[in-house]
2 protein chains.
Amino acid sequence: MSGTLILAANNTKQMELKNTFVHHVYFWLKNKDSKDDLNKLIAGLRKLSAVKTIKQFHIGKPADTNRDVIDTSYAVSWLVFFDNGTDQASYQTDPVHLKFVEECSSLWTKVIVYDTVNVS
Amino acid sequence: MSGTLILAANNTKQMELKNTFVHHVYFWLKNKDSKDDLNKLIAGLRKLSAVKTIKQFHIGKPADTNRDVIDTSYAVSWLVFFDNGTDQASYQTDPVHLKFVEECSSLWTKVIVYDTVNVS
């Protein structure tokens, strides 16, 4: 089962993601009503997902939830899991990532990044 | 293999999390230097992870990355995956969640939530 990840859970405990560096980026578009720009950014992220150190990724948009504490103002969410900080650092300078920034950075006006590691 | 989730990847494409509702909460502590309060919040989140609709979770703290776009000001990150928005809504009113809020909400001064669904 090379290339296959197995995550086991039982009925009483949910699965905890351990040994995982979580890199979560939220993008706000310059042209917030442009469907074209939105699609360009999403297409760029799909290409970016080819970076070898990425273990899992999720490309998202705001859900339709709407409590006071929920920020729904961003256009696109880019959630990436790495095994560790070294792999995340390598991703930052990966040619595929540099190409993504070159091709797509004109699309956004604001980015917030949260880099998170497991509490000990 | 009941209770076991298998995610398959090959060598040329990373794993994309599909059909996933991502609920990501960042907490800022009222007493930001209190290790006790930090540990109470983490312990509360571990209990909260028992909610049945949660598929996977990650309890985190800021990594040691430090670029301008990175927000490292929060104390704890609570990342949860649900299968869909219905499961997330059910989590909000789950007795385990209500108990968590009752026991732990005095610990934090600010919360930001990002609820994200897959782009189509």
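# A guided tour of the two-chain model

Next select residues 1-6 of chain A, where the pLDDT is below 50 and where, beyond near neighbours in sequence, the model has 12 contacts, a contact meaning heavy atoms within 4.5 Å. Residues 8-12 of chain A also stay under 50, and for them the model has 6 contacts beyond four places in sequence. Where pLDDT is low, the predicted coordinates should not be read in detail. The model as a whole scores ipTM 0.88 and pTM 0.89.

This is a predicted model, in which local features need pLDDT of at least 70 and side-chain atom pairs count only at pLDDT 80 or more, while totals for chains, interfaces and linings use all residues. Residues are numbered from 1 along each chain as its sequence is written, chains are lettered from A and ligands numbered from 1 in the order in which they are written, and side-chain values use heavy atoms, with hydrogens and water left out.

Now show both chains together. The same surface serves both copies, since 98% of the contact residues of chain A recur in chain B.

Select B:T65 next, in the loop between β4 (56-62) and β5 (76-82) of chain B; helices (H or I, at least four residues) and strands (E, at least two) are DSSP runs, numbered from the N terminus. B:T65 is buried, with a relative accessible area of 18%, where buried means under 20%, exposed over 50% and partly exposed in between (1.4 Å probe, protein chains only). Not counting residues up to four places away in sequence, B:T65 touches A:F21, A:Q88, A:D115, B:I70 and B:T72.

Finally, move to helix α3 (residues 95-104) of chain B, in which B:H97, B:F100 and B:C104 are buried. Seen down the axis of α3(B), these buried residues fall within an arc of 55°, so they line one face of the helix; the arc is that of the directions from the helix axis to the C-beta atoms. They pack against β3 (21-29), α1 (35-48), α2 (85-92) and β6 (108-118) of chain B, whereas the face of α3(B) turned away from the buried side carries the exposed residues B:P95 and B:E102.

How values were computed. pLDDT is the predictor's confidence in each residue, from 0 to 100.
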